[in-house]
Amino acid sequence: MTRPIRVLVAKPGLDGHDRGAKVIARALRDAGMEVIYTGLRQTPEMIVHAALQEDVQVIGLSILSGAHNAIVPRVLELLREQDMGDVKVVVGGIIPDEDAEALKRQGVAAVFQPGASLDSIVSFIRSAVPVEL
Amino acid sequence: MKTAERQFTTISGVPIEPLYEPDPQLEPPPPPGEFPYTRGIHRDMYRGKLWTMRQFSGFATPEETNRRYHYLLAQGQTGLSVAFDLPTLMGYDADHALSEGEVGKCGASVSSLEDMEILFQGIPLGDVTVSMTINSPASVLWAMYLAVAEKQGVERVRLSGTLQNDILKEYIAQKEYIFPPRPSMRLVTDTIEFGARHTPRFNPISISGYHIREAGSTAVQELAFTLRDGIEYVDWAIERGLAVDEFAPRLSFFFNAHSDFFEEIAKYRAARKIWAQVMRERYGSRNERSAKLRFHAQTAGCSLTWQQPYNNVVRTTLQALAAVLGGAQSLHTNSLDEAYALPGEHAVTLALRTQQVLAYESGVANTPDPLGGSYFLEKLTLQTEEAANDYIRRIDAMGGMIAAIDAGFPQTEIAGASYRYQREVESGERTIVGVNRFQSADQPIELLQIDEASARHQEKKLAALRERRDNGQVRQALAALERAAQGTDNTMPFLLDAVRAYATLGEICDSLRSVFGVYQETAHL
């Protein structure tokens, strides 16, 4: 039997609009993944610490406030410092095209903008994470 | 993609009959201006006075937002509505570590009385009504506003406007809370009491369903949770020793204007009816102004799409029309670019013009409740009322809204509705034009960009302020505030002293955090 994919869904920054994060968490769970939802107002340090503790393969960050350029690079940097560069980081939220491109160049695996289907997110994560036996 | 079989339900899932016919059981509602005000709170509605066109606005620094306000007033907008940034909403100064990356992004950055003075420079607060969207630290920002009015020489009795100040919906939906529910309710009650005594024309609270709906609730959930929140505030104010008719005429409401046209109109009509009955039957109110539910409406931000953004103008127009046909007292129309960013000047002007076309060209404002008597709408109004009253009774049985929040009840109900809706979109049962059907390549639109220069500007101003002010006076004012918070005095006079001494928002909220603690929610998926 294959081990289910483990995903940390995190909501960094001061924003409390968690509709998207919660919908994604449920959709990933319904798709058979193990989902840990951090709750609100997580600093990059808290997120990377939780990812380490929970031994996840994917971190999903939900950001709507425009603070992504301050938050996401810091998460990537902390992951590298912890030797966790193999953890896939996906970002969802209000991320303008040019910022999405820049974040991907810095190491984000995928950016999902408004209107992205749940199905496309599930499929991406399945394809991005190597199967563990 | 496959086209699913057409579902004849409202966007909230209420089944719609093939035909509505006269129903002898259904008594027609009394005329507008008569209890329970189903058809509107005034006999003449918009013939007497049009709704207030109030565009929610704020970005970057108080200086830049002040320029936008002067622009909007010059374009014929009739009231102001302040959007604050996330650090301000969460009670942090612009130079706090947690504010990094967030300053000025979602609204104007206001960390001190100095910023509030700049925000309203050249705007006579005795003449313009101002709404402020601020919740957990609402009493602090209101104190700053009152202090600016003092400096302008405007008497408090002349001040007119609205403080959002609705903390319950933060725990339920929007999640911008600082303190736990009970001390937060005490702060809200302080403002209601202070308002009843000192600012007779100011609404100290705007009990809001908007954010509940944005979080994914159904129309009925929005209505029921909002009105039950209203009941909670009334209970606390009465517990404080106020008589219902001393403060209830100044309770105001705020609803979403979502996409399902008739469902929304039915919601506003049911809201007025339920509230009027609550006032008369539950509280024995005898002042008809207490029983008249006044509300602001904003078109649904969550309905705007990133794809084909010009479609958003059409969505917003229909939603605004529903709010007007539902008898709103003031209205915000979203801008076409708001799925991406705060609105640019061109987009916000078009949104305001949408309201002006409705008001002056469409003819819909010529007679009150023009849809009254529609077989369908009257039936839907009744169904909405009954379903909302069911929820209200369930929450009563739980011991009230705070107990329900502690149990995660409204949060779980909303999360369930939001997930169901997303699944319907996913399966194609719900069509979103340009997103899951009728897709085409997008035209790029011009967006408002807010860079980190705003943050640096705010940090510099704060450093100079902390240098310039009398820090001994600040410490004294904060110590007095903490003592008041520990006791039972109304905190408003102490907040006024603190802001007049230029204690910052973050310092004041830290003082209150030290007394009240901070709230941590249990996440309900």
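In helix H17 of chain B, the residues B:Ser454, B:Ala455, B:Gln458, B:Lys461 and B:Leu462 are buried. They lie on the same side of H17(B), because they cover an arc of only 130° around the axis. The arc is that of the directions from the helix axis to the C-beta atoms. A residue is buried if 20 or more other C-beta atoms lie within 10 Å of its own, exposed if 12 or fewer, and partly exposed in between; C-beta atoms are placed from the backbone. An α-helix has 3.6 residues a turn, so residues three or four places apart point the same way.

The face turned away from the buried side carries exposed residues: B:Ala453, B:Lys460, B:Ala463, B:Ala464, B:Glu467 and B:Arg468. The buried residues of H17(B) pack against helix H3 (113–119) of chain B. H17(B) has 16 residues, 453–468, and at 1.5 Å a residue should span 22 Å; its end C-alpha atoms are 23 Å apart, which agrees. The expected span is 1.5 Å times one less than the number of residues.

## About the model

This is a predicted model: local features need pLDDT of at least 70, side-chain atom pairs count only at pLDDT 80 or more, and totals for chains, interfaces and linings use all residues. Residues are numbered from 1 along each chain as its sequence is written, while chains are lettered from A and ligands numbered from 1 in the order in which they are written. Helices (H or I, at least four residues) and strands (E, at least two) are DSSP runs, numbered from the N terminus.

## A covered helix

Helix H4 of chain B is mostly covered: twelve of its 15 residues are buried. Among them are B:Leu141, B:Trp142, B:Met144 and B:Tyr145. The cover includes H3, S4, strand S5 (161–163), helix H6 (181–198), helix H19 (492–500) and helix H20 (505–516) of chain B.

H4(B) runs over residues 138–152. At 1.5 Å a residue it should span 21 Å; its end C-alpha atoms are 21 Å apart, which agrees. Just after H4(B), B:Gly153 takes a positive phi of about 75°.

## The five-stranded sheet

Five strands of chain B form an open sheet in the order S1-S10-S9-S8-S7, with parallel pairing. Strands S1 (52–53) and S7 (205–208) stand at the edges, each with a single partner strand, so one side of each is left without a neighbour in the sheet. Two strands pair if DSSP finds at least two bridges between them.

B:Ile207 has B:Phe253 as its bridge partner. Both faces of S7(B) are covered: B:Ile205 and B:Ile207 are buried on one side, B:Ser206 and B:Ser208 on the other.

Strand S2 (residues 56–57) of chain B pairs with strand S3 (residues 80–83) in the parallel sense, over two bridges. B:Ser57 stands opposite B:Val82. S2(B), helix H1 (residues 62–74) and S3(B) make a right-handed β-α-β unit. A crossover is right-handed if, with the strands pointing away from the viewer, the path from the first strand over the helix to the second runs clockwise.

S3(B) also pairs with strand S4 (residues 130–133), in the parallel sense over four bridges. B:Leu80 has B:Val130 as its bridge partner in S4(B).

## Backbone exceptions

Most residues other than glycine have a negative phi, and most peptide bonds are trans. A cis peptide bond joins B:Phe35 and B:Pro36, with omega about 0°. B:Pro36 lies in the segment before S1 of chain B.

B:Tyr37 lies in the segment before S1 of chain B. B:Tyr37 is not a glycine, yet has a positive phi of about 65°. It counts as buried because it has 24 C-beta neighbours inside 10 Å. B:Ala60, in the loop between S2 and H1 of chain B, has a positive phi of about 55°. With 26 C-beta neighbours inside 10 Å, B:Ala60 counts as buried.

## Where the chains meet

28 residues of chain A are in contact with 30 residues of chain B. Contact means that the C-beta atoms of two residues, placed from the backbone, lie within 7 Å. Helices H1 (19–30), H3 (68–81) and H5 (118–128) of chain A each supply at least two residues of the side that touches chain B. The largest share, five residues, comes from H1(A).
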